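Please find below a colleague's note on the structure under review.

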Amino acid sequence: MSEAPRVTVAGGGLAGLTAALRLAERGYRVKLYEQKPILGGDLGSRPAGHGLDLDVYPHMYLSWYCNFWRLLREVTGDERDERFRPFTAVKQLALGDFPRFTAVGNAHSARGMWRDVFSGAGPAADMFLFAYATVDMLAERLNPTMSLDDVSVNGFLHARPYMTRRTAAACDAFITRVWGVRSYLTSADDYRTFLEYSLAEPTPTFWLARGPASRQVIGPLTEAAEAAGVEILRDTKVTTVSCADGRVSEIGLADGRTEEVDELILAVPEESLLELVRSGGGGARVVEAIPKLAEVSRLRSQRIPILHLWFNRKLRHIPPEPVGLFESELALAFTDISQTWEDVPGVGETTVLAVSASDRYGLPGTGDEDDGYAMLRELADYLDFDPGREWRDSPDVDWERTRFESNTDATLFINETGSDIWRPPVACAELANLTFAGDFCANRIGMTVIESAVTTGLEAARVIVERRGRGAPVEIAVPDTGFAPLYVWLRYAWAPYAVAAKAWSSGSDLAGSVRRILTPTRPPQRRES
């Protein structure tokens, strides 16, 4: 038998680790390079002192992530609820409503839709339209009324005659809470696919990890990869990729070494990918062999600052579910990790909030402490604590443990409208031994979620196995989305009710405006001296 092919993987995120593991299990000689000291990418965790890791980003793990859950079950042998806690809805908090949190965004089942309608997150008429908009978008698969490839979620919503301002705001709040991007940027086509998959396995809606991702996910995956024979080199950056005669020939490392390549998987973020495909000498650059890769520069990503806020006490009335702050100027959301990390030493004694600011452009930008305090100050408008007058001034905050992360080194891909044509495919015909992996690559899911990273890693492994003819086929599961005819029927069956809900909402707004006009404003009373 011939010697097993060598596979070089650049990038130790979830996609790279998945591809490396599956190939090593099939007898390939795999070497993985990661430029950072930690693995996991956006699903990684940073050392935070006191023997604790804190996640780069807080994540919700959805039930329909079939390939992710299968992979994790295989490497840990644990049942899902041993490492994760199930939830059925996220929460919302409006300014001045604390401690009254409302559930919203659980329109992933018929029961969930009706629960949202009467959740109190908004007027019942507007919340019914929120549920109807989900059905309406899902019906587009079999009964299209517009090209979803060309519009954002926000564009789709405002093009519908039944839409109201409050309904569109509720949808925007849900998308911002889950992905950290606004609905005017998110592709409607990708969001529809996300909804289809979510409805395929609606209960529970999502899970939260019972500890940092380094312990719950990345650690076990790394151990399984190394046990299968993967050689992992941290703090080692791939700086150049050279090709010749229709193949990638070698890579260069930051320390000046070069290494020949049999198979290469580039599982790095889009900015790093651009650097690599443009590297190498003239005539040997990847972008010269595949000019279309230059259009990766059109793809957008953004960083989401995270404030890990440790309090000196337990705050009362904080729910364990992720919370979005409705109409927050900084688009703040938070999760109380102290309620799910029960067995992590030092976490459960106080409230620990992982706070994100999806609108980082609203931050001062004059320094980490200024940005962190801006998040803290607005959060205090919604919750019951003293933010102090500046960073490190609040008496309610444990400043020794509190950390602000700007996340300049961990950007999230934006599923922007029309960007699908620029997302690189997993394999390319021009270079026979080059594959790509990562959630920004073209994949059947579209949305930037954990399952996208796992799926593209599996796709890269599948391509190499098929190309080399060595090892068992790589299995990739697809959720069952065979409910499209039902959505078309519901679109028309519920249409009269949507018209009535729009009329009710508009009538309520008009009545409120008239009432404010007719209600006399009493002049201020002059005090007698």
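The points below are grouped by element.

1. Basis. This is a predicted model, in which local features need pLDDT of at least 70 and side-chain atom pairs count only at pLDDT 80 or more, while totals for chains, interfaces and linings use all residues. Residues are numbered from 1 along each chain as its sequence is written, and side-chain values use heavy atoms, without hydrogens and water.

2. Helix H14. In H14 (residues 484-493), the buried residues are Ala 484, Tyr 487, Val 488, Leu 490 and Arg 491. Because these residues cover an arc of only 165° around the axis, they lie on the same side of H14. Pro 485, Trp 489 and Tyr 492 are exposed on the other side. Buried means under 20% relative accessible area, exposed over 50%, and partly exposed in between (1.4 Å probe, protein chains only).

3. Nonpolar patch. Phe 483, Leu 486 and Trp 489 form a nonpolar surface patch with about 320 Å² of accessible area together. Patch members have over 30% relative accessible area and no salt bridge; like charges are joined within 9 Å, nonpolar side chains within 5 Å. A salt bridge is a side-chain nitrogen of Lys or Arg within 4 Å of a carboxyl oxygen of Asp or Glu. Leu 486 belongs to H14 and is partly exposed, at 42% relative accessible area.

4. Negative patch. Asp 368, Glu 369, Asp 370 and Glu 390 gather in a surface patch of negative charge. Glu 369 lies in helix H12 (residues 368-382) and is partly exposed, at 45%.

5. Tyr 61. Tyr 61 is placed in strand E5 (residues 61-62) and is buried, with a relative accessible area of 2%. Helices (H or I, at least four residues) and strands (E, at least two) are DSSP runs, numbered from the N terminus.

Definitions and conventions: The arc is that of the directions from the helix axis to the C-beta atoms. Accessible areas come from the Shrake-Rupley method with a 1.4 Å probe; for residues, only the protein chains shown count as cover. Lys and Arg count as positive and Asp and Glu as negative; His and the chain ends are not counted. The place of a charge is taken as NZ of Lys, CZ of Arg, CG of Asp or CD of Glu.
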